[in-house]
Amino acid sequence: MKLAPGDTAPAIAASTIHGKPVHVPDPVPRYVHLQFRRFAGCPVCNFHLLTMGRRQAEIAAAGIRQVVFFHSSREEMLKYQAQLPFDCVADAGKKHFKAFGIETSLRALLHPRVFWSGLRWILAARRFYTRAENGILGLPADFLVDAHGRIVACKYGAHADDHWEVDELLQLARQAQPAPANPGDAPAVPA
């Protein structure tokens with residue numbers, strides 16, 4: 001079942017590939033940006049994360065913590081995501097993918113942007129994946145979750161290169177209504 005803005009995000013208690021705990025809801029940052037990507041070596045995913053990483057300081061300054069899930073093992077992720085400046089979580093069993101309603105589809109590969117993004121990462125990194133844990137048909141998804149666990153925005157990708165860019169993420173965070181202090185309180189109304 002797909003989730004929508006206003007829904008409560010499924011609770012997450014996990015560890016990053018470096019052993020750091022990840023909890024959602026997370027009361028410390030203003031928002032958590034949950035990114036669900038495909039397999040660890042996915043050139044499209046890695047090109048996207050390379051661009052996100054270049055603007056991580058700007059994202060963090062906006063009060064957003066980034067957490068990226070791959071449907072790969074920790075060992076495979078350490079080959080590709082160990083250097084990223086945000087939290088990366090291995091979910092080889094797709095527990096969190098299933099909880100957030102993220103699907104697979106042949107459409108994941110059938111868009112011109114998919115080829116172009118993948119090629120750019122291959123050229124930049126000078127490497128290609130040798131293993132696609134859990135297959136190549138995964139679709140991406142993005143969720144912006146507030147400190148109380150409420151989904152304030154989400155996107156289910158239609159193909160492998162269909163995700164929020166940094167400017168979209170920052171705009172969504174600026175436009176989001178602050179969560180009420182208590183779950184029973186009414187949301188703040190702009191003046």
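1. Nonpolar core. In this predicted model, the largest nonpolar core comprises 28 residues. Y31, I59, I64, F86, C88 and L144 have the most contacts inside it. At least two residues of this core come from each of α1, β4, α3 (74–80), β7 and α6.

2. Another core, of 20 residues, lies apart from the largest one. A14, V32, I102 and F143 are among its members.

3. Surroundings of L144. Neighbours within four places in sequence are left aside here. L144 then contacts Y31, V32, H33 and I64, as well as R150, I151, V152 and A153.

4. Sheet. Five strands form an open sheet in the order β5-β4-β3-β6-β7, and their pairing is mixed. The edges are β5 (87–90) and β7 (151–156), each of which pairs on one side only. On average, neighbouring strands are turned by 15° against each other, direction ignored.

5. The β4/β5 pair. β4 covers residues 64–70 and pairs with β5 in the parallel sense, over 4 bridges. In this pair, V67 stands opposite D87 of β5.

6. Helices on the sheet. Helix α1 (residues 43–54) packs on the sheet and touches β3 (31–36) and β4. The direction of α1 makes about 165° with that of β4. Helix α6 (residues 166–175) also packs on the sheet, where it touches β3, β4, β6 (141–146) and β7. For α6, the angle with the direction of β4 is about 130°.

Methods: Residues are numbered from 1 along each chain as its sequence is written. This is a predicted model: local features need pLDDT of at least 70, side-chain atom pairs count only at pLDDT 80 or more; totals for chains, interfaces and linings use all residues. Side-chain values use heavy atoms; hydrogens and water are left out. Two strands pair if DSSP finds at least two bridges between them. Axes are lines fitted to C-alpha atoms, for helices over the stretch in contact, and angles run from 0 to 180 degrees between N-to-C directions. Contact means heavy atoms within 4.5 Å. A nonpolar core is a set of buried Ala, Val, Leu, Ile, Met, Phe, Trp, Tyr and Cys residues joined through side-chain atoms within 4.5 Å. Buried means under 20% relative accessible area, exposed over 50%, partly exposed in between (1.4 Å probe, protein chains only).
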